[in-house]
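Please look over the sequence and the structure shown here before reading on.

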Amino acid sequence: MSARSHRQLDRARQWAERATELAPEEPNYLDTLAEVHFHQGNRDEAVRRSKRCLELAPRLETFHKQFERFSKAPLPTGPVTTAVGEEE
């Protein structure tokens with residue numbers, strides 16, 4: 001996944017946003033979008049999307065763990081790659 005590898009985050013965000021447009025009630029897509037926002041340093045948006053995952057799937061422990069991580073973990077650092085081989 002691009003977000004976890006901290007690569008091509010703009011592209012990953014575009015695809016995740018498109019997925020959530022097509023299936024706005026799909027918590028897995030929202031979680032992916034939250035992950036991308038988190039890796040881009042946008043904690044507030046990551047937490048907002050993660051909260052929505054919890055509303056849609058309150059029994060899934062994975063989303064509870066993600067919410068905690070997005071809320072409290074240090075924001076990732078490192079080079080942000082926007083396209084293959086290009087760093088910001």
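## Placing Glu35

In which helix is Glu35 found? In this predicted model, Glu35 belongs to helix α2, which covers residues 27-39. Glu35 has a relative accessibility of 2%, and because buried means under 20%, Glu35 counts as buried. The side chain of Glu35 is joined to the side chain of His39 by a polar contact of 2.9 Å.

## How α1 and α2 pack

Two packed helices are described by the angle between their axes and by the distance between those axes. Helix α1, made up of residues 9-22, packs with α2 at an angle of about 155°, and the two axes lie 9 Å apart. Because an angle over 145 degrees counts as roughly antiparallel, α1 is roughly antiparallel to α2. The crossing in which α1 passes α2 is left-handed.

On the α1 side, the residues that meet α2 are Leu9, Ala12, Arg13, Ala16, Glu17, Ala19 and Thr20, while on the α2 side they are Tyr29, Leu30, Thr32, Leu33, Val36, His37 and His39. Sorted by type, the residues of this contact comprise eight nonpolar, four polar and two charged.

## Val36 in the contact

Val36, which is also found in helix α2, is one of the residues that meet α1. Is Val36 buried or exposed? With a relative accessibility of 1%, Val36 counts as buried. Val36 and Arg11 are 25 residues apart along the chain, and their C-alpha atoms are separated by 9.7 Å.

Notes:
Residues are numbered from 1 along each chain as its sequence is written. This is a predicted model: local features need pLDDT of at least 70, side-chain atom pairs count only at pLDDT 80 or more; totals for chains, interfaces and linings use all residues. Side-chain values use heavy atoms; hydrogens and water are left out. Helices (H or I, at least four residues) and strands (E, at least two) are DSSP runs, numbered from the N terminus. Buried means under 20% relative accessible area, exposed over 50%, partly exposed in between (1.4 Å probe, protein chains only). A polar contact is a pair of N or O atoms within 3.5 Å; within protein, one must be able to donate a hydrogen and the other to accept it, and residues adjacent in sequence count only if both atoms are side-chain atoms. Axes are lines fitted to C-alpha atoms, for helices over the stretch in contact, and angles run from 0 to 180 degrees between N-to-C directions. Angles under 35 degrees count as roughly parallel, over 145 as roughly antiparallel, 65 to 115 as roughly perpendicular and the rest as oblique. A crossing is left-handed if the near helix is turned anticlockwise from the far one by less than a right angle, and right-handed if clockwise. Contact means heavy atoms within 4.5 Å. Ala, Val, Leu, Ile, Met, Phe, Trp, Tyr, Cys and Pro count as nonpolar, Asp, Glu, Lys and Arg as charged, and the others, Gly among them, as polar.
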